[in-house]
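Hi,

Here is the structure I promised to pass on. Have a look at it first, and then read my notes below.

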Amino acid sequence: MKRTTLSLFAVTAALAAVTGVAALTAPSGGSGSGGGTGTAAKQPARLPVQRSALLCPVPTSSDVAETTYTAFTPAGSGGAARTPADLLPAAAPAGGTRPDAKDGKDSKDGKGSKKKTDEKAAPDKPVLSLKEPGRPVTAGTDRSDAPALIGTADGPLAPGWTVQQTTTVSAGSGRGLHGLSCTAPDTSFWFPGVSTAKSRQDYVHLTNPDSSAAVVDLELYGADGRVQSATGEGVTVPPRSTLPVLLSTLTSAPADDLTLHVAARSGRVGAAVQAADEKTGGDWLPSAGEPAKSLVLPGIPADATSVRLVAFAPGPDDADLKVRLAGASGSISPAGHESLHVKGGMTAAVDLGDLTRGEAGSLLLTSQGGDAGGGSPVTAALRVTRGKDDKQETAFIPATPAIEVRGTAADNRDRSSTLYLTAPGKEAQVKVTASAGSDGGTPVTKTYTVKAGATLAVEPPQPAGGKGGYALTVEKVSGGEVHAARMLALPKDGVPMFTIQPIPDDRSTVAVPEARPDLSLLTRR
């Protein structure tokens with residue numbers, strides 16, 4: 001019996017490392033534990049995850065677009081990988097990837113292909129394969145019918161595995177740089193800042209990585225609360241398939257400044273929203289962090305010409321948000337925009353104008369008051385515009401959780417990246433490492449100090465002798481919380497094309513509580 005009991009604890013620890021979920025709870029010591037022993041509970045050990053899953057949506061339906069995929073796992077001590085981390089095509093829905101999909105012909109030579117994409121990707125052939133940690137790999141396509149991708153990484157390739165999908169759309173609605181860190185499957189996603197207005201085409205892409213169907217609800221919330229939509233309930237996503245849904249088909253009343261909640265009834269999906277505007281370009285809108293009473297939205301560029309805040313309070317209580325801008329030297333209250341009232345179950349929005357005025361920053365939101373005196377949880381995102389007149393380009397910044405240990409941003413290019421580091425509370429020290437390039441070079445590391453309540457915007461280090469794209473890892477060394485984002489800027493024909501990716505913790509480790517065997521099982525009967 002004793003041997004069986006101890007084996008079960010060992011199996012539980014192994015499962016936690018694989019799934020990222022600890023299955024046991026350590027007993028809580030101390031006088032407040034209700035019968036505890038008075039001994040403080042030990043902090044759970046952290047072990048590297050043994051499997052990671054990522055989902056990349058259909059990148060574009062444009063005939064004049066090019067997409068680059070970049071995969072990377074930070075170097076570690078896990079030894080050589082036995083199997084590569086592969087990204088495989090997901091099945092497309094009947095009738096094509098999107099209602100506006102083109103025929104897939106290339107705008108230059110009519111062959112519809114570029115690097116490694118002369119034919120449609122076979123379902124069992126990887127589009128991108130990572131074989132070793134520490135060095136990114138890339139692949140590209142200019143197909144308008146490129147598939148969504150489903151991938152897993154095991155063993156030493158799993159901790160911190162990151163895939164970036166970057167698409168340049170040269171013309172038409174949604175012209176601009178569309179960047180996205182491919183997402184892990186989950187059961188709940190929040191997207192403040194979506195729109196069903198006639199000038200916008202917002203698609204939510206749902207990708208199911210599993211062998212059974214997933215069923216999700218698509219809930220829209222506006223200034224007056226829940227937007228009624230029978231077609232958004234019980235949406236089925238077939239196994240190992242992707243499904244794009246045009247948000248304007250969920251309601252007959254066009255509206256700006258909505259919040260979308262993707263909630264899985266059964267199964268799990270990856271979800272991301274691609275927004276395309278007739279005048280201001282487009283980008284991917286990443287999901288925001290779970291609703292909380294304090295939020296950080298990092299990475300507003302210094303030259304932003306317009307910043308719009310969209311916030312949603314999911315509970316029944318109103319939220320009064322204190323709004324602060326964390327700049328280079330500290331935090332201030334923007335004149336005329338010191339607060340925002342958000343009614344419970346409703347979405348509120350405010351135009352903050354050229355908020356940064358030449359100095360990069362991050363927005364800090366704190367929910368105050370409420371019936372319990374502590375404020376109500378909210379979620380939020382920013383729509384950021386650079387450029388003027390017909391040379392405008394838009395990106396989105398969601399509320400981003402702090403980096404607990406390490407975060408990663410793939411697909412950085414020579415002198416095209418800006419890293420934003422924000423310490424909303426205490427001063428923090430951060431270590432940033434540029435990986436080897438995809439075509440050579442050696443890593444370079446630099447340590448930064450971020451002032452309390454401030455945002456540090458830097459051109460990150462680049463690999464020594466590096467060639468090709470590279471990845472950035474951001475590690476918290478000491479001090480207070482750190483929130484991060486990366487801007488990739490690739491101007492073209494006078495348009496300041498850019499995209500901003502939040503850098504949350506990469507969840508490369510999982511907490512495994514100390515397992516204490518139940519000695520009562522050893523009692524002789």
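Before the first bit, one term: two strands count as paired if DSSP finds at least two bridges between them. Also keep in mind that this is a predicted model.

**Strands around β21**

Let's start with β21, which covers residues 319-326. Which strands does β21 pair with? One of them is β23 (residues 339-342), which is joined to β21 in the antiparallel sense by 4 bridges. If you want to find a spot on screen, go to A319: its bridge partner in β23 is V342.

Another partner is β25 (residues 361-368), again antiparallel, with 7 bridges to β21. Here you can pick out K322, whose bridge partner in β25 is T366.

Look for L325, which stands opposite I332 in β22. β21 and β22 make a hairpin with 4 residues between the strands. In that hairpin, G330 has a positive phi, near 155 degrees.

**Aromatic rings**

Next, the rings. A pair of aromatic rings is described by the distance of the centres and the angle of the planes. How many aromatic pairs are there? The count comes to 3. One of them is F189 with F191, a stacked pair with 6.5 Å from centre to centre and 15 degrees between the planes.

F189 comes out at 6%, so it counts as buried. F191 has a relative accessible area of 0%, so F191 is buried as well.

Another pair is Y221 with F312, and this one is tilted: the centres are 4.7 Å apart and the planes make an angle of 35 degrees. The pair links distant parts of the chain, since Y221 belongs to strand β12 (residues 214-222) and F312 to strand β20 (residues 306-312), 91 residues apart. Y221 is buried because its relative accessible area is 14%. F312 is buried too, at 1%.

**A charge over a ring**

One last thing to look up: which residue lies over the face of F498? That would be R386, at 4.9 Å from the ring centre.

Conventions
Residues numbered from 1 in each chain as written. Predicted model: local features only at pLDDT ≥ 70, side-chain atom pairs only at ≥ 80, totals over all residues. Heavy atoms only, no water. Helix = DSSP H or I, 4+ residues; strand = E, 2+ residues; numbered from the N terminus. Phe/Tyr/Trp six-rings, centres within 6.5 Å; stacked < 30°, edge-to-face > 60°. Buried < 20%, exposed > 50% of the residue type's maximum accessible area, 1.4 Å probe, protein only. Lys NZ or Arg CZ within 6 Å of the ring centre and 35° of its normal.
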